[in-house]
Every structure is written in structure tokens, then in C-alpha cells.
Amino acid sequence: MRLLVVEDDPELVSYVRSDLMRAGFAVDVSDNGVDAEHLGNTEPYDAIVLDLGLPQKPGMEVLQAWRQAGNRVPVIVLTARDAWYERVDGFKAGADDYLGKPFHVEELIARIRALIYRRHGRSSHKIETRSLRLDEDVQQVEVGEVTHQLTGTEFRLLRYMMLNSGRILSKTHLSEHVYDQDSERDSNLIEVYIRRLREKIGNQMILTKRGQGYIFNDPSV
């Protein structure tokens with residue numbers, strides 16, 4: 001899952017980004033409203049964390065511009081403007097959630113996960129099939145009674161594929177949701193990580209659609 005964090009406080013950005021990456025997210029950062037609006041409209045983020053007090057363009061105007069353009073990306077407003085009427089204004093502008101500063105990063109991560117699950121039509125916080133159970137907290141997958149530890153990329157890739165089970169996902173599409181903007185997005189690397197995942201969860205779980213991409217599919221379901 002790939003996130004955009006829009007925040008102009010470099011100290012806050014530093015620790016929030018580190019914690020989100022440890023939680024298994026690829027994270028891009030913007031420190032002003034103009035760049036944030038452009039990135040939000042051009043990159044396929046799975047969720048955006050948006051401050052309101054931004055240089056160049058206020059966060060509320062950025063959010064309104066996204067919604068007016070038909071951009072439905074989930075947005076969590078993260079701001080010191082936490083009065084009840086300010087939260088109401090945020091929701092009216094199109095925010096999906098609102099978290100006041102100061103905050104605990106664990107709560108931010110939980111809210112991001114909840115937004116992403118709902119976007120994928122899931123009511124449960126568990127990512128599992130009949131044969132697999134993905135543990136987000138420790139980034140490992142259980143296959144029957146066997147547990148496999150996952151690398152950061154393996155975890156991001158498997159989580160995205162399980163949340164999009166049954167869909168054909170091209171290598172380009174997967175790269176856009178597994179890697180951040182600064183990473184080298186060589187689609188051949190996706191093949192490498194698909195092979196490593198198959199070694200851990202079984203070849204039958206990830207099918208290849210020649211010339212199109214991959215499908216996650218638990219054959220026991």
C-alpha cells in the first residue's frame with residue numbers, strides 16, 4: 001500500500017514516515033499544497049494523510065480540489081485545528097477521517113488500515129483466506145500451521161494482492177502500489193518477489209496471466 005503524507009513540519013514528517021514504513025507502507029511526502037494536489041491527482045495512492053496549515057495552498061483547498069476533480073482517494077486530515085466545527089468543515093470538504101494533533105502514531109496507523117479495508121469492501125481487520133492468514137503487526141504469513149516471515153517488499157506485495165483477490169494485476173500496477181516515488185520501479189523486480197512469495201505460500205496461490213499480470217486466488221475457497 002502506498003501513502004502520501006502532506007505535512008510541512010520536517011520533524012513530524014521524519015518520525016511519522018519512519019513509523020508508517022515500519023508498518024508496511026510505501027510513503028511519499030509533500031511539504032506544500034501545490035505539490036500535494038498534483039501528486040494526489042496523478043499518483044495512485046491508497047490513502048493520503050493531509051495537514052491543513054500548508055504553505056502555497058491550504059490543505060482544505062487541496063482536499064476540495066481533489067473531490068471536485070472526482071478523486072475519491074481516502075483522506076485522513078491530520079491537524080491541530082481540532083475544534084468540532086473545524087472537523088465538520090473537514091468532513092464537508094470530503095475528508096474520510098479526522099485526527100487532531102498531538103496524536104499517537106499507532107492510532108494513525110489503525111485509522112489508515114481501517115480506511116483501506118473499507119475501500120476494499122472488508123469489514124474485518126483480518127486479511128486472511130481459508131489457507132492463508134497475513135499478520136500485519138509482525139509481517140508474517142501463516143500457511144496452515146507453518147509461519148513464514150516476510151521481507152518488507154514481500155509483505156507489501158502479498159497484502160496488496162490479497163486485498164485485491166481475484167483481480168488481474170499488472171506488474172506496473174503492482175509496482176505503483178508497492179514502491180514509493182523514490183524507489184527504482186523495475187517491473188522485473190516484481191517477478192522476483194512473486195517467485196519468492198510462491199516459494200513460501202505455494203505456486204497455486206498466485207496465478208500468472210500471460211501478457212497481463214498476476215491473480216491472487218486461494219484455490220481452497
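Me: What makes up the lining of the largest pocket in this model?

Reply: The lining is made up of Ala 110, Arg 113, Tyr 117, His 125, Lys 126, Ile 127, Arg 133, Leu 134, Asp 135, Glu 136 and Asp 137. H5 and E7 are the elements that each give two or more residues to this lining. Bear in mind that the model is predicted. The pocket's volume comes to about 220 Å³.

Me: How do you know how the lining of the largest pocket divides into nonpolar, polar and charged?

Reply: Go by residue type. Asp, Glu, Lys and Arg count as charged, and six of the pocket residues fall in that class. Ala, Ile, Leu and Tyr count as nonpolar, so Ala 110, Tyr 117, Ile 127 and Leu 134 go there.

Me: Which domains does the lining of the largest pocket draw on?

Reply: Domain 1 (2–120) and domain 2 (127–216) each contribute at least three residues.

Me: What makes the other space a cavity rather than a pocket?

Reply: It comes down to escape: a 1.4 Å probe fits in a cavity but cannot get out, whereas a pocket is open. The structure holds one cavity of 30 Å³ or more, and the largest cavity has about 30 Å³ of space.

Me: Which residues line the largest cavity?

Reply: Met 1, Phe 25, Arg 113, Ile 116, Tyr 117, Glu 136, Arg 159 and Leu 163 do. Arg 113, Tyr 117 and Glu 136 line the cavity, and these residues are also in the lining of the largest pocket.

Me: Where does the largest share of the lining of the largest cavity come from?

Reply: From H5, with three residues. Helix H5 (105–119) and helix H6 (152–163) each supply at least two. Domain 1 (2–120) and domain 2 (127–216) each give at least three.

Me: What about Asp 35, with its relative accessible area of 40%?

Reply: That value is between the 20% and 50% cut-offs, so Asp 35 is partly exposed. Asp 35 is found in helix H2 (residues 33–42).

Me: How do you know that E8 and strand E9 pair?

Reply: Pairing takes at least two bridges. Four bridges join E8 to strand E9 (residues 146–149), so the strands pair, and they run antiparallel. Val 141 stands opposite His 148 in E9. Two residues come between the strands of this hairpin, and Gly 144 takes a positive phi near 65° there.

Me: What kind of peptide bond joins Lys 101 and Pro 102?

Reply: A cis one, with omega at about -5°. Pro 102 is in the loop between strand E5 (97–100) and H5.

Methods
Residues are numbered from 1 along each chain as its sequence is written. This is a predicted model: local features need pLDDT of at least 70, side-chain atom pairs count only at pLDDT 80 or more; totals for chains, interfaces and linings use all residues. Side-chain values use heavy atoms; hydrogens and water are left out. On a 1 Å grid over the protein atoms alone, a cavity is a set of points where a 1.4 Å probe fits but cannot get out, and a pocket is an open set with protein on both sides within 12 Å along at least five of seven lines; lining residues have an atom within 4 Å of a point. Grid points are joined across faces, edges and corners, and a volume is the space filled by probe spheres set on the points. Domain bounds come from an automatic or database domain assignment. Buried means under 20% relative accessible area, exposed over 50%, partly exposed in between (1.4 Å probe, protein chains only).
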